[in-house]
Structure formats: structure tokens, C-alpha cells
Amino acid sequence: MNQEKSETPEKNPAVAHSHPGQDSRRDFMMKVSLGLGGLAAAAVAVPVVGALVAPLLEDKPEVWRNVGAPDQFPVGTTKLVKFENADPLKWAGETARTAAWIRHEADGQFVAFSVNCTHLGCPVRWEADAELFMCPCHGGIYYRDGTVAAGPPPKPLPRYDVRIAQGQVQVGTAPIPITKFSDG
Amino acid sequence: MKTFFRKIGAWLEDRTGIMAAITPILNHLVPPGAKWAYVFGSATLFCFILQVVTGIGLALLYQPSSDAAYQSLKFITDQAMFGRVLRGIHFFGASGMIIFVGVHMIRVYIMAAYKYPREMNWITGVFLLFLTIIMGFTGQLLRWDSNGVWSSVVAAQNLGRIPLIGTTLARLLLGGDTIGAQSLSRFFAYHVFLFPALIFGLIGLHLFLVIRNGISEPPKAGRPVDPKTYRKWYEAMLKREGVPFWPDAAWRDAMFGALVIIAIVGLAITFGPPALTQPPDPSLIKTTPAPDWYMLPIFALFALVPPRTESYLIFFGPVLAVGALLALPFLSGTGERSPIRRPWAVFGVVCVVIFVGALLVAGEIAPWSPRFDTKPVTEFVSYHNPQLERGAELFYKKGCQYCHMIRGEGGLKGPDLSLIGRTWTPDQLDVQIVNGKGGMPAYGGSLKQDELRAIVAFLSVQK
């Protein structure tokens, strides 16, 4: 570029009147302003992108939530329990609540299922007489042990940790189970 | 008085030059045949402006936080002055935008207006199509009732099927591991700031390209587009017979746009906005999430494709659709434009319209879902035989009737069993119920022997 300009100085008066020193000065200033611009953009981008990805960086340990005394769950029944999720901010309100299906298999043996269908996450309901979990969205159906009975779900209902401590049945909070490409 | 205003006008024009800048655009020549078929793009634009204006109105009243949004929606719908109409207009405006984007796109494709030199018009249009759909979907989530909450879970699940980064994207969408305090503000930011900003920019580019490349003339069989000569020919044609956009062509856009807006407002006053379902409490699971009508075809597709192919469909489907639409002007960027000479293109459009329409109807009926609200057989048939009576009762209680129609009441997922006793023996019924098969759960593990006998007896007398 520079060479071309110096070959035809008469076409561009600004270049024609400039000294060689001024050329490199302009070049330097251009680079400085580009660099400063990049720095400014980066300085703004850090907090904006930070706000975007912050939920990924927070470490949320499993929290145990009391869901009731063991004798509230007769053996052989499946019951909906509601509890608070792992990280309730004050303004979450009722959206901080979450639910699980608890099945009292045998004496003292509990299983907790996610309410989310593994197809697309809709809430499955337990039909006690039929002993089936049914999803209202695309007709996914599961047996009482959470295995798929019919419909499109690619895998069994996920299970949550469950234990008995301090005389209470406790459920371990967990993320919404997200079905991956390789699962289906 | 008149001269006073004229003086102000002259002063403004002298200091701003706005009219000098706009007049050439208003007066630009358009082909004389650009008549009623050409109003759908501007109708989409009118709907978009309507959405911006009503969106601002709603944002004045709406609380974009997970705990308060539902209350504010109730307030808007039931108490705020004209709030119900405002929500209604925003809803029907969204529907209108989706419809006119579709019609505009079909018109452009049928008339092959995407060919040289208007490839970039098409490409910016494809992006606008997807942004419009995204806006529709994110808007539906902002109706933060149980439908909105569960739609956001479904959206996260869909993202989750993207290989490698799916789960991360799903978490980003929800603003954490679960629905909670950060979920709604994210959707609000997407729906109100991010995507509208992109749409504004792209509409600007789209309109600039319309002016720069000129409105396509109505196609004529036997007059193919040749990049070597087209521009010259188009310029000459415009000079010869073009008409100024304002007012010769613009009045149609203005009239149609006004009628569309009046129709939308009329619909909003007559039908009102979609009703709110239960509060956004994720532990209230007795809900039947269903998307707004324009997402129903996709909702139906997920129910109807073989489950094994679903991950591929969810991921590759949109990728292929975008890829095919973007590739179109490069695959057939020149040549014949007339639909008479492009029968396969017309056939393709008809197929797509029928396909999407059929999925829409299927999504409306949702025959794959259990009908939880079906009335038990015992309400309208009574048997003297106690075993039959019990069978009828169990047929409902065990969930059979959720999926099987009997005597006009029941679900559509399984076959109608009203006449099953004519063709199936008790043994066959027995085996089917115990083992299940073909989309039916096996009841062997949950039915007692006498329950099974009662159901089989009940089904055997259905003839």
C-alpha cells in the first residue's frame, strides 16, 4: 500500500505533503487506537459474558430436604413430595419448589423418582390404580419401577438420592435431568 | 398560519435534510405488476411494529421475575385498564406475524424472487423467519404460568439433545440447574432485548436490500433470469414502465396493513388473550403443557416419529432446515422464475403446506396422549353381572380407558374396543393385557388374577 502511494504522490495531496516520519506515526496511532478499542470492548464484554455464564460456574452441592416421616408413606405406595430446590434465591418464590415421586418399596426401603419425563421433561403423574406413571405431553408411560412401558421416552425415569435421617425421609436435591443426544 | 408551518417545515428540512434523504426512497420505481401478491412482507412488518408497540405497553405492566410474573399477568388480564386487550393484541399479533412470514416466504418461493440478484434478500429473510419463531416461543414462556414453566423445561430438554454442549446450553437457558429465580429474567432478556435487537438490524438490512436490488417483477414463463443481462434489463424495464412506490404501490401495503391490524385488534377484543393456567409452581404437576398453535406441528412431530430417531431429528432437523433454506438461492439462483415452468417447486410447497397443516391438526387432537379426563364407562353403562360391573370399573381405574375408546368415551392412543368381543377371544385378550405389546404397557405385574378375569369378561361382551 505504502509503496503504491509513494509512486503516485500527485493523486493524493495529503500523502504528497506528508513526511516519511508522519506516515509511520499515523500507522502507529492507528494501531494504538485499534488496540485501545479492543481493550475497551474486552473490558465491557467480561462482565456481560460473566452475567451470562454465571449460573454455570456456581457450584451447587446436593442438599438433603426433609419430605416427611417414614410412616406417612405406607409400604407399596407412591406419593408426590414437594420440597425446595438446591439454590433458592429469595425472589424465586414458588418457582423454587420442586417435586419427586417417592415409593416405599419394602419396609424402610425408599425410591425417589424425578417427575420429569425423559422424553422432553414434562411432569409425569402416578396413576395409583393402574400402577403406572403417565406423561400428558407425548404419551410416555412408565412402570412403577420407573422403566419405560410405552411411548417415546428413551430411558427410565431418573432417580434421586433418598435416605432416612433424623427420623425423616430425606430427598437429595438434583438438577433437572437433561436427556442427552447419546441417551436417545 | 399556513405559512408559519411551512416556515417551520422549511427550517427543519434545511437543518436536517430528512425529506431530501427519504424522497428518493419513496419515489423509487417498482415494477407495475407488483400488486396484491406483494403485500405480505409489509404486513409482516406492520405486525412486527404492532408487537414492538404492544410489547412496550405490556412491559410497563409486567414484572419479569420468577416470583411475581404470574401475579402481574393476572393483574394485566383482570385489572389493568385495557390490559386484556393489550395482551390479546400481542398474542394475535404474534400469530399474525408467523402467518405472514409464512405466506410472504411461500410467495417469494413460488415466484422465485430469491433468484439473482436477490440471494441476500432471501438469506436475511431466512434468519428473520427463525428469529420470528424464537420470539414466538420465548414469548410463550413469559406467560409464566404452569404452561410457561413446563415449556421452558421442554426447551431446555430440546437444547440438551445437542451433542457435547447440550447440557451446558440447557443450564444457560434456565439460568441454573433447575427452574428458579434466574429463569424468567433470562427469557425476558432474550425476548425483549437480544432477539428484538437482532430483528431490528436484520429488518433494516432486508429493507435496504429490497430498495437496492429492486422489487422483483412478476415472473413470466420463458423469461429466465440471466445474471449477465438481468440487472440491465431490470433497469431498462423500470425506466420504461416502472411506477413510483409512493403512492402507486404503497397504498396497497398501507391498506392491507391497516386491515390486518384492525382484524388483530378485533380478534383481541372478541377472544381476549390465551387464558392463564395454574401458577408457575414446578411442584404442581397436574398440568398438560401444550404449546401455542404455531409450535403444535413440531410438538406433534415429536410424538409421531420413531423414538429411536428423535435425538437425530431434534438436532439435525433444524440444522438441515436452515442449511437447505440458506443453500436454496445458490442451488437455483438463475433460470426460470415462473411457477408454470417450475412444477416441482410448486409441488414441494403444496407438500410442505399439507405436511405442516396435517401435523397442526394432529397436534390439536393429540391422539397419542392419555385422556385423563375421560368419563368412566360405568357412568353410562351398568351391568347386572357383578363381574362385568367390576370389569367396567377396572377398565377405567387401570387406565385402559385413557388410551382406548369404548362406547364413544376414552382415549385415541390404542384401538377402539367398542366391538372387540366380536373378533378377539378371551385368551387373546388375556395375553395382550398381561404382556402388553405395540405401545401398550404389560399389566401382568400389576393385575390380580380376578381383576384380569373381570376385565377380559367385560371386553368379551363388547360386541
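These questions and answers cover a predicted model with chains A and B.

Me: How are residues and chains labelled, and what limits apply to the model?
Reply: Residues are numbered from 1 along each chain as its sequence is written, while chains are lettered from A and ligands numbered from 1 in the order in which they are written. Side-chain values use heavy atoms, without hydrogens and water, and in this predicted model local features need pLDDT of at least 70, side-chain atom pairs count only at pLDDT 80 or more, and totals for chains, interfaces and linings use all residues.

Me: How many helices and strands does chain A have?
Reply: Helices (H or I, at least four residues) and strands (E, at least two) are DSSP runs, numbered from the N terminus. Along the sequence, chain A reads α-α-α-β-β-β-β-β-β-β-β-β-β-β. The count for chain A is three helices and eleven strands.

Me: How far apart do the C-alpha centres of domain 1 and domain 2 of chain A lie?
Reply: Domain bounds come from an automatic or database domain assignment. Domain 1 of chain A covers 13-57 and domain 2 covers 63-173. Their C-alpha centres are separated by 55 Å.

Me: What share of residues 34-57 of chain A is helix?
Reply: UniProt, in an unreviewed entry, lists residues 34-57 of chain A as "transmembrane region"; its positions are given in the numbering used here, feature names are shortened, and annotations may be inferred rather than shown by experiment. The end C-alpha atoms of this span are 32 Å apart.

Me: What share of residues 107-171 of chain A is strand?
Reply: The unreviewed UniProt entry gives "domain: Rieske" for residues 107-171 of chain A. The end C-alpha atoms of that span lie 17 Å apart.

Me: Is Lys31(A) buried or exposed?
Reply: Lys31(A) and Asp27(A) form a salt bridge (3.5 Å, N to O), the rule being a side-chain nitrogen of Lys or Arg within 4 Å of a carboxyl oxygen of Asp or Glu. Both residues lie in helix α3 (residues 20-57) of chain A, four residues apart, about one turn of the helix. Asp27(A) has a relative accessible area of 41% and is partly exposed. Lys31(A) has 57% relative accessibility, so it counts as exposed.

Me: Is Arg337(B) buried or exposed?
Reply: Arg337(B) forms a salt bridge with Glu217(B), with the closest N and O atoms 3.1 Å apart. This pair links distant parts of the chain, 120 residues apart. Glu217(B) is buried at 5% relative accessible area. The relative accessible area of Arg337(B) is 3%, so this residue is buried.

Me: Which residue 200 residues along the chain from Val126(B) has its C-alpha atom 7.0 Å away?
Reply: Val126(B) is in helix α6 (residues 119-142) of chain B. Its relative accessible area is 1%, so Val126(B) is buried. The C-alpha atom at 7.0 Å belongs to Leu326(B).

Key. Buried means under 20% relative accessible area, exposed over 50%, partly exposed in between (1.4 Å probe, protein chains only).
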